[in-house]
Amino acid sequence: MPSGCYATVPGSTQLSRESEPSRNYGLPSFRDLGVLVRLAAIGVAVFVVVAAFAFVAGWLSPSKLTQDKMMDAFAQANGVHSGFRRNHAKGVCVAGAFESNGQAARLSTASVFQPGRVPVVGRFALAGGQPAMADGPQAVRSMALSFRPPGGEEWRTGMNNIPVFVVKDAKGFYDQLLAAAPDPATGKPDPAKMAAFLAAHPETGRALAIIRQYPFSSGFANAAYNSLNAFRFVSTAGVATPVRWSMVPVAPFEAETAGQDAKSDKNYLFDALIAGVRQGPLEWHLIVTAGRPGDPTDDATIAWPNDREHIDAGTLTIDHVEAEAAGNCRDINFDPLVLPAGIQASDDPLLSARSAAYSESFTRRAGEAKTPSAVQIGGGEGS
Ligand code: HEM
């Protein structure tokens, strides 16, 4: 068949024949153009994906505070202790129940506030990333709880025995970790770094002044634990109330004594807690504080005025204690944003910062080899 004939040939098309003249002038054919466009589109897609990863990883903004940096700061301050929480590393597991009296139900639809009993799993701990640290009078104590009403409306909360938090956002927490990290030359924190941190964060100085006004109690069982962060309770009518909450002990307050510092038993706070649970159930009242318009909900370093309404929502009873082990509180992430319907996050930036850091801490420790906790239950079995 003569060349230049427009009859189709097997495997060819009229279009491809028509495109041939362009090839004769050294121009790309339509087919080549289509390939180029497709290649360019693939290139753009690959670029967008790589840029998105780089953005999320913080490579495009080196000053951005990522979870890797936060975990590195914990490591600088405390070292890495395989399998343990990056903060509140020394702890013990407990269980019991919350008996709601129904009084908080007017503020929140959460099923946990309907009259009745809800099982609770929890953890007492000391703030700090050292799992074998010695108990001491100045160690901040914590109570973390997971309320488990039927139907899966779980509520998790972690509370500390201080009246306000020491920083108001993730950056403040990060800066504080670095300022408190031991200087490699001395093995101790550098006082100049801590002074610089306090100068840059005047809210921390103000918070510490409030904290010093509230002496610590002698143990875990007679301490009050505070949410510190604000949340929102939402009622059946859809009305949102800013709230903070506290677990206030039934056991009477007894101040720490100076002698507690000199205890030879480095687990004396935990051992007293374990002995207390064995003697009989320990109790706390869940006291909900209702904020008023203007009360700060985005700054946990500021206390709300004392005259706010306090609602006694019910009684927490702790009657079981056991050492951290597979499947118990050791493997719970007490993320403060695990909330049931009727309880919502406030605009406090610490809440999402906590949620992100706890998740990263949990992911890391879950994949690490485990060492037994320094807190063990004498007599073998839990009680
Ligand atoms: C940006 C600020 C904060 C950071 C980065 C942070 C970081 C952490 C981390 C990494 C853990 C260990 C989580 C795990 O592995 O399960 C933890 C535990 C804990 N944190 Fe925070 N935290 C912050 C603020 C707060 C605040 C405001 C409170 C107020 C009550 C708090 C109370 C607790 C408690 C009670 C635990 C122990 C929970 C448990 O026993 O498992 N934290 N924190």
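The legends below describe several close-up views of one predicted model.

Because the model is predicted, local features are reported at pLDDT of at least 70 and side-chain atom pairs count only at pLDDT 80 or more, while totals for chains, interfaces and linings use all residues. Residues are numbered from 1 along each chain as its sequence is written.

**View 1. The chain as a whole.** The secondary structure of the chain comes to eight helices and 10 strands, where helices (H or I, at least four residues) and strands (E, at least two) are DSSP runs numbered from the N terminus. Of the 383 residues in the chain, 34% are buried; a residue is buried if 20 or more other C-beta atoms lie within 10 Å of its own, exposed if 12 or fewer, and partly exposed in between, with C-beta atoms placed from the backbone. Among the contacts in the chain with a separation of 6 or more, 74% join residues 24 or more positions apart, two residues being in contact if their C-beta atoms, placed from the backbone, lie within 7 Å.

**View 2. The shell around the ligand.** The ligand is surrounded by 29 residues, of which the closest are Asn87, His88, Ser142, Gly158 and Ser361; a residue is near a molecule or strand if its C-beta atom, placed from the backbone, lies within 6 Å of it. At least two residues of this shell come from each of β2 (116-126), β3 (141-147), β4 (155-160), α4 (170-180) and α8, and α8 gives the most, with eight residues. By class, the shell has 15 nonpolar, nine polar and five charged residues, where Ala, Val, Leu, Ile, Met, Phe, Trp, Tyr, Cys and Pro count as nonpolar, Asp, Glu, Lys and Arg as charged, and the others, Gly among them, as polar.

**View 3. His88 beside the ligand.** His88, one of the closest residues to the ligand, lies in the loop between α3 and β1 (90-100). Although His88 is not a glycine, it has a positive phi of about 50°. His88 is buried, because 24 other C-beta atoms lie within 10 Å.

**View 4. Helix α3 against helix α8.** The axes of α3 (residues 67-78) and α8 (residues 349-366) come within 10 Å and cross at roughly 70°; axes are lines fitted to C-alpha atoms, for helices over the stretch in contact, and angles run from 0 to 180 degrees between N-to-C directions. The two helices, α3 and α8, are therefore roughly perpendicular to each other, given that angles under 35 degrees count as roughly parallel, over 145 as roughly antiparallel, 65 to 115 as roughly perpendicular and the rest as oblique. The crossing of α3 and α8 is right-handed; a crossing is left-handed if the near helix is turned anticlockwise from the far one by less than a right angle, and right-handed if clockwise. Gln67, Met70 and Met71 in α3 meet Ala356, Ala357, Glu360 and Arg364 in α8, and by class this contact has four nonpolar, one polar and two charged residues.

**View 5. Helix α4 and its surroundings.** The axes of α4 and helix α5 (residues 191-200) come within 8 Å and cross at roughly 160°, which means that α4 is roughly antiparallel to α5. The crossing of α4 past α5 is left-handed. On the α4 side the contact is made by Asp175, Gln176, Ala179 and Ala180, and on the α5 side by Lys193, Met194, Phe197 and Ala200; by class, five of these residues are nonpolar, one is polar and two are charged. Within α4, Gly172, Phe173, Asp175, Leu177 and Ala179 are buried, and the buried residues of this helix pack against α3, α5, α6 (202-212) and α8.

**View 6. The loop holding Leu228.** Leu228 is found in the loop between β5 (225-226) and β6 (231-234). The phi of Leu228 is near 65°, a positive value in a residue other than glycine. Leu228 counts as buried because it has 23 C-beta neighbours inside 10 Å.

View 7. Thr257, in the loop between β7 (240-249) and α7 (268-279), is exposed, because 10 other C-beta atoms lie within 10 Å. The C-alpha atoms of Thr257 and Pro137 are separated by 8.1 Å, although these residues are 120 residues apart along the chain. Asp298, in the loop between β8 (282-290) and β9 (309-322), is partly exposed, with 15 other C-beta atoms within 10 Å. Leaving aside its neighbours within four places in sequence, Asp298 is in contact with Ser346, Asp347, Asp348 and Pro349.
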